[in-house]
Amino acid sequence: MPVLKVDMEHLIGKIICRILMLVIWFWDLQHVVSQKTDFKPKPHVPDKFVLSDPPIGLFDPIDISPAVIPRNPYPVEPLSPMYPSFPSTYEPVLTGKCSVNFSSMSDIIDRTASDCSAPLAALVGNVICCPQVNSLMHIFQGAYGSESNMLVLHQSTANYCFSDLINILASRGANSTIPTLCSVKLSNLTGGSCPVKDLVTFEKIVNTSKLLDSCSTVDPLKECCRPICQPAIMEAALQISLRGAIMLDNSRIPGTAAGITVVNDCKGVVYAWLSRKLSSEAANVAFRILSGCKVNKVCPLVFEEPSSIIKACGDMAPSSLSCCSSLNTYIASIQKQMLITNRQAINCATLFGSVLQKGGVTTNIYELCKVDLKDFSLQSYGQQGCLLRSLPADIMFDNVTGFSFTCDLSDNIAAPWPSSSSLSTFSLCAPEMSLPVLPIPEATVSSGSHNTARIILSVVHVISSLLL
(Lines give C-alpha, C1' and ligand atoms only; values in the text may rest on other atoms or scores of the structure.)
Protein backbone atom coordinates (compact mmCIF):
# COMPACT_ATOMS: atom_id res chain seq x y z
CA MET A 1 0.00 0.00 0.00
CA PRO A 2 2.77 2.57 0.80
CA VAL A 3 4.40 1.85 -2.60
CA LEU A 4 1.10 2.37 -4.44
CA LYS A 5 0.54 5.65 -2.58
CA VAL A 6 3.97 6.96 -3.62
CA ASP A 7 3.36 6.04 -7.31
CA MET A 8 0.02 7.85 -7.33
CA GLU A 9 1.57 10.97 -5.82
CA HIS A 10 4.34 10.86 -8.47
CA LEU A 11 1.80 10.52 -11.31
CA ILE A 12 -0.33 13.40 -10.04
CA GLY A 13 2.78 15.57 -9.75
CA LYS A 14 3.68 14.88 -13.40
CA ILE A 15 0.18 15.79 -14.59
CA ILE A 16 0.18 19.06 -12.62
CA CYS A 17 3.63 19.92 -13.99
CA ARG A 18 2.46 19.42 -17.61
CA ILE A 19 -0.65 21.48 -17.05
CA LEU A 20 1.46 24.33 -15.74
CA MET A 21 3.75 24.13 -18.80
CA LEU A 22 0.75 24.31 -21.16
CA VAL A 23 -0.65 27.33 -19.33
CA ILE A 24 2.70 29.12 -19.58
CA TRP A 25 3.00 28.24 -23.31
CA PHE A 26 -0.48 29.58 -24.19
CA TRP A 27 0.22 32.73 -22.20
CA ASP A 28 3.37 33.39 -24.25
CA LEU A 29 1.48 32.92 -27.53
CA GLN A 30 -0.65 35.97 -26.78
CA HIS A 31 2.44 38.16 -26.78
CA VAL A 32 3.96 36.94 -30.01
CA VAL A 33 4.57 39.71 -32.62
CA SER A 34 4.56 38.66 -36.28
CA GLN A 35 7.54 39.69 -38.33
CA LYS A 36 6.99 41.11 -41.85
CA THR A 37 9.07 39.47 -44.54
CA ASP A 38 9.48 41.28 -47.83
CA PHE A 39 8.99 39.08 -50.87
CA LYS A 40 12.00 39.15 -53.14
CA PRO A 41 11.38 37.34 -56.39
CA LYS A 42 14.22 35.27 -57.72
CA PRO A 43 15.84 36.69 -60.83
CA HIS A 44 15.23 33.55 -62.86
CA VAL A 45 11.48 33.48 -62.06
CA PRO A 46 9.40 35.68 -64.42
CA ASP A 47 7.10 38.25 -62.80
CA LYS A 48 4.02 36.96 -64.56
CA PHE A 49 3.92 33.98 -62.25
CA VAL A 50 3.59 36.22 -59.17
CA LEU A 51 -0.12 36.26 -58.35
CA SER A 52 -1.95 39.02 -56.54
CA ASP A 53 -5.32 39.11 -54.81
CA PRO A 54 -8.20 39.98 -57.16
CA PRO A 55 -9.86 43.36 -56.65
CA ILE A 56 -12.71 43.22 -54.18
CA GLY A 57 -16.09 42.85 -55.87
CA LEU A 58 -14.77 42.47 -59.43
CA PHE A 59 -15.77 38.83 -59.72
CA ASP A 60 -19.00 39.08 -57.79
CA PRO A 61 -22.26 38.73 -59.75
CA ILE A 62 -24.03 41.98 -60.63
CA ASP A 63 -27.52 42.80 -59.41
CA ILE A 64 -29.54 43.54 -62.54
CA SER A 65 -33.21 44.45 -62.60
CA PRO A 66 -35.30 41.58 -64.10
CA ALA A 67 -37.00 44.15 -66.34
CA VAL A 68 -33.68 44.77 -68.08
CA ILE A 69 -32.84 41.14 -68.78
CA PRO A 70 -34.36 39.88 -72.05
CA ARG A 71 -36.38 36.68 -71.90
CA ASN A 72 -34.32 33.63 -72.80
CA PRO A 73 -35.95 31.92 -75.80
CA TYR A 74 -34.23 28.67 -74.77
CA PRO A 75 -35.35 28.13 -71.14
CA VAL A 76 -33.53 24.80 -70.97
CA GLU A 77 -30.21 26.59 -71.48
CA PRO A 78 -29.03 28.93 -68.71
CA LEU A 79 -28.51 32.63 -69.38
CA SER A 80 -24.98 33.85 -69.89
CA PRO A 81 -23.34 35.26 -66.74
CA MET A 82 -23.95 38.99 -66.38
CA TYR A 83 -20.40 40.17 -65.79
CA PRO A 84 -19.51 43.71 -66.90
CA SER A 85 -16.96 44.49 -69.58
CA PHE A 86 -14.08 46.65 -68.40
CA PRO A 87 -11.63 48.46 -70.67
CA SER A 88 -8.02 47.40 -70.83
CA THR A 89 -5.93 50.51 -70.23
CA TYR A 90 -2.19 51.15 -70.28
CA GLU A 91 0.33 53.93 -70.70
CA PRO A 92 0.70 54.78 -74.43
CA VAL A 93 4.06 55.08 -76.13
CA LEU A 94 4.07 58.43 -77.94
CA THR A 95 6.40 59.77 -80.61
CA GLY A 96 7.23 62.92 -78.65
CA LYS A 97 7.09 64.90 -81.88
CA CYS A 98 3.52 66.19 -81.66
CA SER A 99 3.41 69.53 -79.87
CA VAL A 100 -0.18 69.32 -78.66
CA ASN A 101 -1.34 69.42 -75.06
CA PHE A 102 -3.34 66.21 -75.02
CA SER A 103 -4.32 66.84 -71.39
CA SER A 104 -6.42 69.81 -72.47
CA MET A 105 -8.57 67.45 -74.54
CA SER A 106 -8.63 64.63 -71.99
CA ASP A 107 -12.42 64.68 -71.54
CA ILE A 108 -13.13 64.50 -75.28
CA ILE A 109 -10.50 61.79 -75.75
CA ASP A 110 -12.00 59.75 -72.89
CA ARG A 111 -15.46 60.10 -74.38
CA THR A 112 -14.21 58.99 -77.79
CA ALA A 113 -12.41 55.99 -76.27
CA SER A 114 -15.61 55.01 -74.47
CA ASP A 115 -17.79 55.47 -77.58
CA CYS A 116 -15.34 53.34 -79.57
CA SER A 117 -14.66 50.74 -76.86
CA ALA A 118 -13.05 47.61 -78.22
CA PRO A 119 -16.00 45.20 -77.79
CA LEU A 120 -18.62 47.60 -79.18
CA ALA A 121 -16.94 49.78 -81.82
CA ALA A 122 -18.02 47.76 -84.84
CA LEU A 123 -21.61 47.51 -83.58
CA VAL A 124 -22.06 51.24 -82.95
CA GLY A 125 -19.52 52.56 -85.45
CA ASN A 126 -22.03 54.17 -87.79
CA VAL A 127 -24.14 55.86 -85.11
CA ILE A 128 -21.88 56.61 -82.12
CA CYS A 129 -18.18 55.78 -82.60
CA CYS A 130 -17.33 57.32 -85.96
CA PRO A 131 -19.30 60.58 -85.47
CA GLN A 132 -17.41 61.05 -82.20
CA VAL A 133 -14.05 60.25 -83.85
CA ASN A 134 -14.70 62.82 -86.59
CA SER A 135 -15.62 65.40 -83.96
CA LEU A 136 -12.39 64.66 -82.08
CA MET A 137 -10.35 65.15 -85.26
CA HIS A 138 -11.87 68.61 -85.83
CA ILE A 139 -11.32 69.61 -82.20
CA PHE A 140 -7.75 68.31 -82.35
CA GLN A 141 -7.08 70.49 -85.41
CA GLY A 142 -8.38 73.53 -83.58
CA ALA A 143 -6.28 72.78 -80.48
CA TYR A 144 -3.12 72.30 -82.54
CA GLY A 145 -3.42 75.62 -84.37
CA SER A 146 -4.76 77.63 -81.43
CA GLU A 147 -1.43 79.37 -80.93
CA SER A 148 -0.46 79.75 -84.56
CA ASN A 149 -1.83 81.18 -87.78
CA MET A 150 -2.50 77.73 -89.28
CA LEU A 151 -5.84 75.95 -89.25
CA VAL A 152 -4.34 72.59 -90.25
CA LEU A 153 -1.28 70.48 -89.52
CA HIS A 154 1.75 70.16 -91.78
CA GLN A 155 2.15 66.75 -93.39
CA SER A 156 5.22 65.73 -91.39
CA THR A 157 3.69 66.76 -88.07
CA ALA A 158 0.35 65.19 -88.95
CA ASN A 159 2.00 61.76 -89.21
CA TYR A 160 3.24 61.92 -85.62
CA CYS A 161 0.10 63.52 -84.18
CA PHE A 162 -2.25 61.09 -85.93
CA SER A 163 -0.22 58.15 -84.62
CA ASP A 164 -0.14 59.59 -81.08
CA LEU A 165 -3.87 60.28 -81.05
CA ILE A 166 -4.79 56.74 -82.18
CA ASN A 167 -2.34 55.26 -79.64
CA ILE A 168 -3.83 57.32 -76.80
CA LEU A 169 -7.34 56.18 -77.74
CA ALA A 170 -6.25 52.54 -77.84
CA SER A 171 -4.52 52.90 -74.48
CA ARG A 172 -7.81 54.04 -72.96
CA GLY A 173 -9.78 51.06 -74.20
CA ALA A 174 -10.75 52.10 -77.73
CA ASN A 175 -10.71 49.72 -80.66
CA SER A 176 -7.34 49.83 -82.42
CA THR A 177 -9.03 49.59 -85.87
CA ILE A 178 -10.60 53.08 -85.65
CA PRO A 179 -8.78 54.44 -88.75
CA THR A 180 -10.20 51.62 -90.90
CA LEU A 181 -13.59 51.46 -89.20
CA CYS A 182 -14.23 55.21 -89.49
CA SER A 183 -12.17 55.91 -92.65
CA VAL A 184 -10.12 58.61 -90.93
CA LYS A 185 -6.76 59.48 -92.42
CA LEU A 186 -4.00 62.08 -92.38
CA SER A 187 -5.85 64.38 -94.78
CA ASN A 188 -8.43 64.88 -92.01
CA LEU A 189 -5.72 66.83 -90.17
CA THR A 190 -3.85 68.47 -93.07
CA GLY A 191 -6.78 70.03 -94.93
CA GLY A 192 -6.14 67.87 -97.99
CA SER A 193 -6.54 69.78 -101.24
CA CYS A 194 -8.25 72.84 -99.75
CA PRO A 195 -6.37 75.96 -100.99
CA VAL A 196 -6.97 78.02 -97.81
CA LYS A 197 -5.32 76.70 -94.65
CA ASP A 198 -4.30 79.76 -92.65
CA LEU A 199 -6.39 81.86 -90.28
CA VAL A 200 -5.78 85.29 -91.85
CA THR A 201 -6.81 84.29 -95.38
CA PHE A 202 -9.80 82.33 -94.08
CA GLU A 203 -11.17 85.31 -92.13
CA LYS A 204 -10.66 87.65 -95.10
CA ILE A 205 -12.80 85.47 -97.38
CA VAL A 206 -15.48 84.08 -95.05
CA ASN A 207 -18.21 85.98 -93.24
CA THR A 208 -17.03 84.63 -89.90
CA SER A 209 -19.63 86.43 -87.77
CA LYS A 210 -22.44 84.78 -89.76
CA LEU A 211 -20.71 81.40 -89.52
CA LEU A 212 -20.22 81.66 -85.77
CA ASP A 213 -23.78 82.87 -85.15
CA SER A 214 -25.16 79.95 -87.16
CA CYS A 215 -23.11 77.25 -85.45
CA SER A 216 -22.41 78.45 -81.91
CA THR A 217 -25.67 76.83 -80.76
CA VAL A 218 -27.12 74.01 -82.87
CA ASP A 219 -30.72 72.97 -82.20
CA PRO A 220 -30.84 69.15 -82.19
CA LEU A 221 -34.57 69.10 -83.05
CA LYS A 222 -34.53 71.63 -85.90
CA GLU A 223 -31.10 71.39 -87.53
CA CYS A 224 -31.74 68.18 -89.46
CA CYS A 225 -34.96 69.39 -91.12
CA ARG A 226 -34.54 73.17 -91.11
CA PRO A 227 -30.75 73.49 -91.08
CA ILE A 228 -28.95 76.67 -90.12
CA CYS A 229 -25.40 75.60 -89.33
CA GLN A 230 -24.99 73.12 -92.20
CA PRO A 231 -25.60 75.64 -95.02
CA ALA A 232 -23.34 78.16 -93.25
CA ILE A 233 -20.50 75.60 -93.21
CA MET A 234 -21.11 74.70 -96.83
CA GLU A 235 -21.16 78.36 -97.87
CA ALA A 236 -17.83 78.99 -96.13
CA ALA A 237 -16.32 75.85 -97.67
CA LEU A 238 -17.44 76.91 -101.14
CA GLN A 239 -16.00 80.39 -100.68
CA ILE A 240 -12.52 79.19 -99.74
CA SER A 241 -12.56 76.42 -102.36
CA LEU A 242 -13.48 78.91 -105.11
CA ARG A 243 -10.41 80.94 -104.27
CA GLY A 244 -8.35 77.97 -105.36
CA ALA A 245 -10.40 77.51 -108.53
CA ILE A 246 -9.81 81.13 -109.53
CA MET A 247 -6.11 81.10 -108.72
CA LEU A 248 -5.27 77.65 -110.10
CA ASP A 249 -7.49 76.02 -112.69
CA ASN A 250 -11.14 75.39 -113.52
CA SER A 251 -10.91 71.68 -112.63
CA ARG A 252 -11.40 72.67 -109.00
CA ILE A 253 -14.73 74.38 -109.64
CA PRO A 254 -17.43 72.72 -107.47
CA GLY A 255 -19.45 70.21 -109.48
CA THR A 256 -16.46 68.44 -111.00
CA ALA A 257 -15.06 65.33 -109.31
CA ALA A 258 -11.96 67.21 -108.19
CA GLY A 259 -14.08 70.16 -107.10
CA ILE A 260 -16.23 68.01 -104.82
CA THR A 261 -13.12 66.65 -103.13
CA VAL A 262 -11.79 70.17 -102.61
CA VAL A 263 -15.08 71.34 -101.07
CA ASN A 264 -15.13 68.38 -98.69
CA ASP A 265 -11.53 69.10 -97.64
CA CYS A 266 -12.44 72.75 -97.14
CA LYS A 267 -15.35 71.76 -94.91
CA GLY A 268 -12.72 70.20 -92.63
CA VAL A 269 -10.93 73.56 -92.51
CA VAL A 270 -14.21 75.29 -91.60
CA TYR A 271 -14.74 72.79 -88.77
CA ALA A 272 -11.18 73.50 -87.56
CA TRP A 273 -11.92 77.24 -87.46
CA LEU A 274 -15.11 76.62 -85.47
CA SER A 275 -13.13 74.45 -83.05
CA ARG A 276 -10.88 77.41 -82.30
CA LYS A 277 -13.81 79.70 -81.57
CA LEU A 278 -15.98 77.33 -79.51
CA SER A 279 -15.18 75.46 -76.31
CA SER A 280 -14.34 71.77 -76.73
CA GLU A 281 -17.66 70.73 -75.23
CA ALA A 282 -19.73 73.16 -77.32
CA ALA A 283 -17.89 72.16 -80.50
CA ASN A 284 -18.34 68.46 -79.74
CA VAL A 285 -22.09 68.88 -79.16
CA ALA A 286 -22.51 70.84 -82.40
CA PHE A 287 -20.43 68.44 -84.50
CA ARG A 288 -22.26 65.38 -83.13
CA ILE A 289 -25.64 66.91 -83.98
CA LEU A 290 -24.48 67.67 -87.52
CA SER A 291 -23.19 64.10 -87.90
CA GLY A 292 -26.50 62.77 -86.59
CA CYS A 293 -28.38 64.62 -89.32
CA LYS A 294 -26.26 62.91 -91.94
CA VAL A 295 -26.35 59.48 -90.31
CA ASN A 296 -30.14 59.35 -89.93
CA LYS A 297 -30.81 60.11 -93.59
CA VAL A 298 -29.67 56.70 -94.82
CA CYS A 299 -29.93 53.02 -93.95
CA PRO A 300 -26.50 51.61 -93.04
CA LEU A 301 -27.50 47.95 -93.35
CA VAL A 302 -26.33 45.77 -96.25
CA PHE A 303 -29.18 43.83 -97.92
CA GLU A 304 -28.32 40.73 -99.89
CA GLU A 305 -30.45 39.71 -102.86
CA PRO A 306 -33.86 38.69 -101.35
CA SER A 307 -34.70 36.18 -104.07
CA SER A 308 -36.00 33.59 -101.61
CA ILE A 309 -38.49 36.09 -100.17
CA ILE A 310 -39.63 37.25 -103.62
CA LYS A 311 -40.18 33.63 -104.60
CA ALA A 312 -42.16 32.76 -101.45
CA CYS A 313 -44.12 36.02 -101.18
CA GLY A 314 -44.52 37.12 -104.79
CA ASP A 315 -48.02 35.70 -105.36
CA MET A 316 -51.06 37.92 -104.94
CA ALA A 317 -52.14 35.82 -101.95
CA PRO A 318 -48.92 34.35 -100.56
CA SER A 319 -48.93 31.51 -98.08
CA SER A 320 -48.29 33.13 -94.71
CA LEU A 321 -46.36 30.12 -93.44
CA SER A 322 -43.79 29.84 -96.25
CA CYS A 323 -43.61 33.60 -96.84
CA CYS A 324 -43.07 34.51 -93.19
CA SER A 325 -40.59 31.69 -92.72
CA SER A 326 -38.51 33.00 -95.62
CA LEU A 327 -38.79 36.62 -94.43
CA ASN A 328 -37.89 35.78 -90.83
CA THR A 329 -34.85 33.79 -91.93
CA TYR A 330 -33.66 36.70 -94.05
CA ILE A 331 -34.21 39.31 -91.32
CA ALA A 332 -32.40 37.11 -88.79
CA SER A 333 -29.31 37.34 -90.99
CA ILE A 334 -29.26 41.16 -90.99
CA GLN A 335 -29.95 41.41 -87.26
CA LYS A 336 -26.31 40.64 -86.50
CA GLN A 337 -24.90 43.58 -88.46
CA MET A 338 -25.10 46.58 -86.12
CA LEU A 339 -27.19 48.75 -83.83
CA ILE A 340 -29.16 51.42 -85.67
CA THR A 341 -31.31 54.38 -84.65
CA ASN A 342 -35.11 54.53 -84.76
CA ARG A 343 -34.99 56.80 -87.81
CA GLN A 344 -32.52 54.54 -89.57
CA ALA A 345 -34.88 51.63 -88.89
CA ILE A 346 -37.69 53.48 -90.70
CA ASN A 347 -35.34 54.12 -93.63
CA CYS A 348 -34.21 50.48 -93.66
CA ALA A 349 -37.76 49.11 -93.51
CA THR A 350 -38.86 51.43 -96.32
CA LEU A 351 -35.79 50.71 -98.45
CA PHE A 352 -36.10 46.94 -98.06
CA GLY A 353 -39.84 47.09 -98.72
CA SER A 354 -39.27 49.01 -101.96
CA VAL A 355 -36.74 46.38 -103.07
CA LEU A 356 -39.32 43.65 -102.45
CA GLN A 357 -41.99 45.63 -104.31
CA LYS A 358 -39.70 46.00 -107.32
CA GLY A 359 -39.24 42.23 -107.21
CA GLY A 360 -42.99 41.67 -107.42
CA VAL A 361 -44.11 41.46 -103.77
CA THR A 362 -47.31 43.49 -103.58
CA THR A 363 -48.68 42.29 -100.24
CA ASN A 364 -47.72 44.12 -97.06
CA ILE A 365 -45.69 41.23 -95.69
CA TYR A 366 -44.50 43.32 -92.74
CA GLU A 367 -48.07 43.30 -91.46
CA LEU A 368 -48.63 39.70 -92.54
CA CYS A 369 -45.54 38.47 -90.67
CA LYS A 370 -45.68 41.00 -87.81
CA VAL A 371 -42.33 42.63 -88.55
CA ASP A 372 -41.41 45.44 -86.14
CA LEU A 373 -38.98 48.33 -86.47
CA LYS A 374 -36.69 46.82 -83.84
CA ASP A 375 -36.38 43.68 -85.97
CA PHE A 376 -33.96 45.60 -88.23
CA SER A 377 -31.47 46.23 -85.42
CA LEU A 378 -29.19 44.01 -83.39
CA GLN A 379 -31.01 41.51 -81.19
CA SER A 380 -30.23 40.14 -77.75
CA TYR A 381 -31.04 36.47 -77.17
CA GLY A 382 -32.95 36.59 -80.44
CA GLN A 383 -35.88 38.37 -78.76
CA GLN A 384 -34.99 41.81 -77.47
CA GLY A 385 -34.26 44.31 -80.24
CA CYS A 386 -32.59 47.62 -79.57
CA LEU A 387 -33.07 50.86 -81.48
CA LEU A 388 -30.82 53.72 -80.49
CA ARG A 389 -32.19 57.23 -80.23
CA SER A 390 -31.85 59.44 -83.29
CA LEU A 391 -30.30 62.22 -81.20
CA PRO A 392 -26.55 61.90 -80.51
CA ALA A 393 -25.77 59.43 -77.75
CA ASP A 394 -22.69 58.06 -76.04
CA ILE A 395 -21.60 54.72 -74.66
CA MET A 396 -21.65 54.98 -70.88
CA PHE A 397 -19.10 53.34 -68.60
CA ASP A 398 -18.93 52.87 -64.87
CA ASN A 399 -17.19 50.50 -62.50
CA VAL A 400 -20.37 48.60 -61.68
CA THR A 401 -22.14 47.88 -64.95
CA GLY A 402 -19.24 48.27 -67.38
CA PHE A 403 -20.31 49.57 -70.80
CA SER A 404 -23.97 50.30 -71.49
CA PHE A 405 -26.15 52.32 -73.84
CA THR A 406 -29.74 53.50 -73.96
CA CYS A 407 -32.30 51.95 -76.27
CA ASP A 408 -35.49 53.67 -77.44
CA LEU A 409 -38.62 52.40 -79.11
CA SER A 410 -38.21 48.93 -77.68
CA ASP A 411 -41.95 48.22 -77.91
CA ASN A 412 -43.50 46.33 -80.80
CA ILE A 413 -43.91 49.14 -83.32
CA ALA A 414 -44.87 47.88 -86.77
CA ALA A 415 -42.40 48.44 -89.59
CA PRO A 416 -43.87 50.79 -92.26
CA TRP A 417 -44.56 49.23 -95.65
CA PRO A 418 -43.81 51.74 -98.45
CA SER A 419 -46.75 53.09 -100.42
CA SER A 420 -44.75 52.63 -103.64
CA SER A 421 -41.43 51.21 -104.78
CA SER A 422 -40.06 54.71 -105.33
CA LEU A 423 -38.24 56.51 -102.51
CA SER A 424 -37.89 59.84 -104.32
CA THR A 425 -40.50 61.59 -102.20
CA PHE A 426 -39.77 59.88 -98.88
CA SER A 427 -38.67 62.24 -96.12
CA LEU A 428 -38.70 62.11 -92.34
CA CYS A 429 -39.01 65.89 -92.34
CA ALA A 430 -42.38 66.01 -94.07
CA PRO A 431 -45.00 67.67 -91.82
CA GLU A 432 -47.25 64.62 -91.92
CA MET A 433 -44.38 62.21 -91.16
CA SER A 434 -43.74 61.35 -87.55
CA LEU A 435 -42.49 58.38 -85.61
CA PRO A 436 -45.24 55.86 -84.69
CA VAL A 437 -46.99 56.60 -81.42
CA LEU A 438 -45.84 54.36 -78.60
CA PRO A 439 -48.42 52.45 -76.56
CA ILE A 440 -48.80 53.97 -73.09
CA PRO A 441 -49.02 51.46 -70.23
CA GLU A 442 -51.78 52.17 -67.67
CA ALA A 443 -49.24 52.49 -64.88
CA THR A 444 -47.35 55.07 -66.87
CA VAL A 445 -50.46 57.14 -67.56
CA SER A 446 -51.49 57.19 -63.94
CA SER A 447 -48.04 58.14 -62.74
CA GLY A 448 -47.65 60.89 -65.32
CA SER A 449 -44.17 59.75 -66.37
CA HIS A 450 -42.70 59.90 -69.87
CA ASN A 451 -44.27 57.60 -72.44
CA THR A 452 -41.00 56.80 -74.23
CA ALA A 453 -40.02 53.21 -73.62
CA ARG A 454 -36.41 52.82 -72.63
CA ILE A 455 -34.19 50.00 -71.55
CA ILE A 456 -30.53 49.92 -70.64
CA LEU A 457 -28.69 47.03 -72.24
CA SER A 458 -25.35 45.94 -70.86
CA VAL A 459 -22.64 45.12 -73.37
CA VAL A 460 -22.79 41.46 -72.36
CA HIS A 461 -26.32 41.23 -73.83
CA VAL A 462 -25.09 42.50 -77.19
CA ILE A 463 -21.99 40.33 -77.37
CA SER A 464 -23.90 37.23 -76.32
CA SER A 465 -26.43 37.78 -79.09
CA LEU A 466 -23.68 37.48 -81.68
CA LEU A 467 -22.60 34.15 -80.26
CA LEU A 468 -26.01 32.48 -80.61
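Begin by selecting Thr201 and Asp198, whose side chains are joined by a polar contact of 2.8 Å. A polar contact is a pair of N or O atoms within 3.5 Å; within protein, one must be able to donate a hydrogen and the other to accept it, and residues adjacent in sequence count only if both atoms are side-chain atoms. The model is predicted: local features need pLDDT of at least 70 and side-chain atom pairs count only at pLDDT 80 or more, whereas totals for chains, interfaces and linings use all residues. Residues are numbered from 1 along each chain as its sequence is written, and side-chain values use heavy atoms, with hydrogens and water left out.

Thr201 lies in helix H7. Helices (H or I, at least four residues) and strands (E, at least two) are DSSP runs, numbered from the N terminus. Thr201 is buried, with a relative accessible area of 17%; buried means under 20% relative accessible area, exposed over 50%, and partly exposed in between (1.4 Å probe, protein chains only). Not counting residues up to four places away in sequence, Thr201 touches Val196 and Arg243, where contact means heavy atoms within 4.5 Å.

Next, select Lys197, in the loop between helix H6 (187-190) and helix H7 (199-205). Lys197 is partly exposed, at 24% relative accessibility. The side chain of Lys197 reaches the backbone oxygen of Gly192 at 3.0 Å. With neighbours within four places in sequence left aside, Lys197 is in contact with Met150, Leu151, Val152, Thr190, Gly191 and Gly192. Display also the C-alpha atom of Leu153: it is separated from that of Lys197 by 9.0 Å, although the two residues are 44 apart along the chain.

**The nonpolar cores**

Now select Phe140, Ile178, Phe202, Leu211, Ile233 and Ile240, the residues with the most contacts inside the largest nonpolar core, which has 59 residues. Such a core is a set of buried Ala, Val, Leu, Ile, Met, Phe, Trp, Tyr and Cys residues joined through side-chain atoms within 4.5 Å. Helices that each supply at least two residues of this core include H2 (106-115), H3 (121-144), H4 (155-171) and H7. H8 (208-215), H9 (229-247), H10 (257-277) and H11 (280-295) are also among them.

What is Leu211 in contact with, leaving aside its neighbours within four places in sequence? Its partners are Phe202, Val206, Ala232, Ile233, Ala236, Val270, Trp273 and Leu274.

**The largest pocket**

Select Asn134, His138, Lys267, Tyr271 and Lys294, which lie nearest the centre of the largest pocket among its 33 lining residues. On a 1 Å grid over the protein atoms alone, a pocket is an open set of points where a 1.4 Å probe fits, with protein on both sides within 12 Å along at least five of seven lines; lining residues have an atom within 4 Å of a point. About 1,100 Å³ of space lies in this pocket; grid points are joined across faces, edges and corners, and the volume is the space filled by probe spheres set on the points. H3, H6, H9, H10 and H11 are the elements that give two or more residues to the lining, and H3 gives the most, with 9 residues.

**An aromatic cluster**

Move to Phe303, Tyr330 and Phe352, which form one aromatic cluster. The structure holds 7 aromatic pairs. Tyr330 and Phe352 form a stacked pair, 5.0 Å centre to centre with 10° between the planes. Rings of Phe, Tyr and Trp (its six-membered ring) pair if their centres lie within 6.5 Å; planes under 30 degrees apart count as stacked, over 60 as edge-to-face and the rest as tilted. Tyr330 lies in helix H13 (residues 320-334) and Phe352 in helix H14 (residues 342-358), so the pair ties together parts that are 22 residues apart in sequence. Tyr330 is buried at 8%, and Phe352 is buried at 0% relative accessibility.

**Two loop residues with positive phi**

Most residues other than glycine have a negative phi. Ser183, in the loop between helix H5 (178-181) and H6, has a positive phi near 55°. Ser183 is exposed, with a relative accessible area of 53%. Finally, select Lys370, in the loop between helix H15 (365-368) and strand S2 (379-380). Lys370 has a positive phi of about 55° and is exposed, at 68% relative accessibility.
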